[in-house]
Amino acid sequence: MNVMTTDLYKILGKLRLGRFVMPALSLLYTVIYVSAPLFPPAWATHIPLPIWKTIIGLVGFLCSCLLYWSRLAPLCITTIEAAIYVGLSAATSDESFLIPLVGALYFCIFLSPARKALVGICETVIAISVTTFDIYDRSMLILEWTARVAVVTAVAAIAIAVRAYKIQREAQQCSDRDRIRAEMLTQQRNLATSRAQVAAELHDSVGHDLTTIIALTQGFAEASDISELHDVLKDIDQVAREGLVDTRRAVHTLVHHHEELPIERSMTEATQAPDISNGFGSTLHTLDEIDTIVTHARATGLAVALAETGHRPHDPNQDNLCFVVCREAITNTLRHASEPTTIILSRNYEHDGTLHISIHDDGLGSGRHSAEQRALVEDHTGIGLEQVGEQCLMIHGSLSYGPDENGGWTVEATLPISSEEELNPDD
């Protein structure tokens, strides 16, 4: 039933038939009233009957026209209709033209604020009371007045019910729009976060591998005297550097593309976004994978020292982010540091499971790179460490990096455990 009412309301709203109902009823009543046997009152017996009917018909037509425009000024039209009703009832000695008045009252209650609606009701009741007391004697006065007040009450109740339904429907539509917009914003945010995390994983993993290839080819080329081998290694080095540049360009396109997405497109694309519950990328890394990164660094001629203190809680999310931090720091040393010889990587676990990471190298920094090296390893500002820092903040951790007072470069991170339930005291 509620669905049928809603559909009917929508159809009438689209066709705008509501504004014609009351004027049509008023006009129909005027035609019926004028067509019926009608005689002028005693004071107007000298007026010919056709002229008298014409006057009544014109007044009725005027009332119908006023009802059509009652949506523009409901209270004003109600006042005019009340005045016409009182005047016409006094002239004809009957109160038959009640329909235009209650029609105007309906629009007044339906469209006006509460105060104006109350004024319209009072005007209608006063008009009915004045007319009833003027026409009927005491024997019929209470009955006639009660009947007409009952009609006014019924019309007012219908108007209030329709207005309440309209307000409820508008509130529901507004709530639905807000809910849909909130869902779209949430999905757009999830899509943006997912893209940023995929970009960070691409930047770190592929960037590290390509950087390691470059470092290995450079180290092997310096240790070899075979010219033909030098040419091959030079080609490998060039391809790796070009791939590194392309990877960074793709990362920046992926990271910043979501800022240009209109919200209307976010609903469709967000439903296709990958799951980001695992943090960086789609799989969680383990601490054992750090050994592979260390092995690559040692293969380039660097001395890498590892140190770990405290009890390891085996938190998968913490281990994953620890790997990401270490990989990014070592990759940056291979990529940016000038003449590094040593990397010191230490992990310290506190009693509550919080992990403190420190990665320090003795390189001279990127400022002493040659012009050719700077052109080949030039990166956009902050993609790697910035993304890692955001991941640390998401778990209420922290990340800091910069030149060390004693020379070199230091990256430090604090990673709290994700949940007390993940601590395993038996390990």
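Does Tyr68 count as buried, partly exposed or exposed, and at what relative accessibility? At 30% relative accessibility, Tyr68 counts as partly exposed (buried is under 20% relative accessible area, exposed over 50%, partly exposed in between, with a 1.4 Å probe and protein chains only).

This is a predicted model, in which local features need pLDDT of at least 70, side-chain atom pairs count only at pLDDT 80 or more, and totals for chains, interfaces and linings use all residues. Residues are numbered from 1 along each chain as its sequence is written, and side-chain values use heavy atoms, without hydrogens and water.

**View 1. Helix α3, residues 49-68.** Helices are DSSP runs of H or I with at least four residues, and strands are runs of E with at least two, numbered from the N terminus.

View 2. Trp52, Lys53, Ile56, Gly60, Cys63, Ser64, Leu66 and Leu67 are buried in α3. They lie on the same side of the helix, because their arc around the axis is only 165° (taken from the directions from the helix axis to the C-beta atoms).

**View 3. Setting of α3 in the chain.** Tyr68 belongs to helix α3. The chain contains 13 helices and 5 strands, and 39% of its 427 residues are buried.

Note on methods: Expected span 1.5 Å × (residues − 1).
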